[in-house]
Amino acid sequence: MKIVIRDNEMGFVTKNGSFVKTIKAGTYHFSKRLGYEVEVEEMDYELDYDKIPYQVMIKDSEFADSTVKYDIPDGYIGYLYKNGKLLRAAVQKTEYVFWNVFDKYEIKLFSMEEDRIENVSKKMLDYTPVALYTTVSVGEGEKAILYVNNIRKEILEKGVYSYWNYNKKVTFNIYDTRQKQLDIVGQEILTKDKIGIRMNVACMYKIADVVTFSEKVTNIKEQLYAIAQLAIREIVGRYKLDEILELKETISKEIYEAIKQSEDMFCIEIITAGIKDIILPGEIREIMNSVLVAEKKAQANVIARREEVASTRSLLNTAKLMDENKTLYKLKELEYLERICDRVGDISINGNAGIVEQLGTLMG
């Protein structure tokens with residue numbers, strides 16, 4: 001039996017099923033009658049020959065110099081590099097044997113026993129099965145609480161964090177700590193004078209203590225809405241309609257103070273709260289409009305009378321001054337003559353008198 005081994009190959013020689021040796025490039029002759037068999041494998045990437053245990057073949061110096069073996073212990077993950085370049089995560093098996101002749105293969109090990117993933121690049125994580133790790137992305141104005149096996153581990157600020165899931169359960173909750181608005185709209189309220197109105201109220205709040213908030217509160221909007229709703233009904237019901245319209249700012253402050261008392265209960269900070277809109281019934285709105293029109297008409301009449309009095313007083317004062325001062329009277333006369341001339345196209349005069357006297361005659 002003639003065997004030809006090329007430069008990139010290695011032959012595995014067995015006799016009667018037992019490993020004898022490995023052979024490299026060259027031409028060889030073996031007798032099948034004596035029980036010899038040769039299998040040839042290309043020395044590229046991972047060793048595929050598995051008929052003989054590695055522990056037996058490693059005793060052959062040629063084989064030992066041409067291969068490298070890596071074991072992946074429990075609790076570790078390996079990343080395979082070829083000539084220094086990352087290829088993939090080595091997670092399919094616990095043992096790997098690579099040809100180490102033309103290319104250099106290396107597996108770098110990282111422990112998954114730790115909680116947070118350290119010294120592992122994003123590219124390495126991209127090759128990692130998603131079941132092995134959890135990534136937490138915390139945005140601007142947010143905080144996250146991390147739990148390991150349902151026990152609070154740490155509070156995370158803005159950033160991206162990754163954690164191993166090996167032999168543990170990693171979960172997290174993200175909370176938006178920025179200012180939020182809660183609108184309490186269309187609240188139907190009966191005033192003290194038994195008039196039904198609707199009211200819209202706005203409330204601004206933000207989370208003050210994330211840890212306590214996560215332990216105490218499940219649905220902040222629903223619970224805060226209920227508290228605000230009760231406060232609005234209680235406070236506004238004490239006032240008559242006219243008082244509500246007149247004291248809107250005062251009532252808003254009362255509502256704010258009432259809602260603010262719930263801060264410790266909900267672990268939040270109430271920033272502001274107040275009335276946005278007061279919606280009156282149709283018939284009440286018509287009455288209010290009629291009253292407003294009457295008030296404006298009365299104000300307009302008062303202003304008109306005031307202006308008439310002022311105008312008359314001014315004329316009286318002017319007349320007294322002209323009566324006492326003939327020169328002033330003459331100047332006033334000339335002023336009116338000037339105004340007349342501005343509006344007259346042609347004026348005919350003769351030489352029997354002065355221009356001023358003739359214009360005066362025209363005025364009678």
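Biologist: Which residues gather in a patch of negative charge on the surface?

Modeller: Asp74, Glu113, Glu114 and Glu118 do. Asp and Glu count as negative, Lys and Arg as positive, while His and the chain ends are not counted. To be in a patch, a residue needs over 30% relative accessible area and no salt bridge, and like charges are joined within 9 Å. The place of a charge is CG of Asp or CD of Glu.

Biologist: What kind of model is this?

Modeller: This is a predicted model, where local features need pLDDT of at least 70, side-chain atom pairs count only at pLDDT 80 or more, and totals for chains, interfaces and linings use all residues. Residues are numbered from 1 along each chain as its sequence is written, and side-chain values use heavy atoms, with hydrogens and water left out.

Biologist: Why is Asp74 called exposed?

Modeller: Exposed means over 50% relative accessible area, buried means under 20%, and partly exposed is in between (1.4 Å probe, protein chains only). Asp74 has 68% relative accessibility, so it counts as exposed. You'll find Asp74 in the loop between strand S6 (67-71) and strand S7 (76-82). Helices (H or I, at least four residues) and strands (E, at least two) are DSSP runs, numbered from the N terminus.

Biologist: And what makes Leu80 buried?

Modeller: Its relative accessible area is 0%, so Leu80 is buried. Leu80 lies in strand S7. Leaving aside neighbours within four places in sequence, its contacts (heavy atoms within 4.5 Å) include Tyr45, Phe98 and Tyr105.

Biologist: Why does Ser262 count as buried?

Modeller: Ser262 has a relative accessible area of 3%, so buried it is. Its place is in the loop between helix H7 (248-260) and helix H8 (263-266).

Biologist: How do you know that Glu154 and Arg116 meet in a salt bridge?

Modeller: A salt bridge needs a side-chain nitrogen of Lys or Arg within 4 Å of a carboxyl oxygen of Asp or Glu. For Glu154 and Arg116, N to O is 2.8 Å, and they do meet in a salt bridge. Glu154 lies in strand S13 (residues 151-156) and Arg116 in the loop between strand S10 (105-111) and helix H3 (122-127), so the pair ties together parts that are 38 residues apart in sequence.

Biologist: Why is Glu154 called partly exposed?

Modeller: Its relative accessibility is 25%, so Glu154 counts as partly exposed. Arg116, at 28%, counts as partly exposed too.

Biologist: How many salt bridges does the structure hold?

Modeller: It holds 20. Lys69, Asp71 and Glu95 are even linked in a network of salt bridges.

Conventions
Patch = residues over 30% accessible without salt bridge, like charges linked within 9 Å, V, L, I, M, F, W, Y side chains within 5 Å. Areas by Shrake-Rupley, 256 points an atom, 1.4 Å probe, with all protein chains shown as cover.
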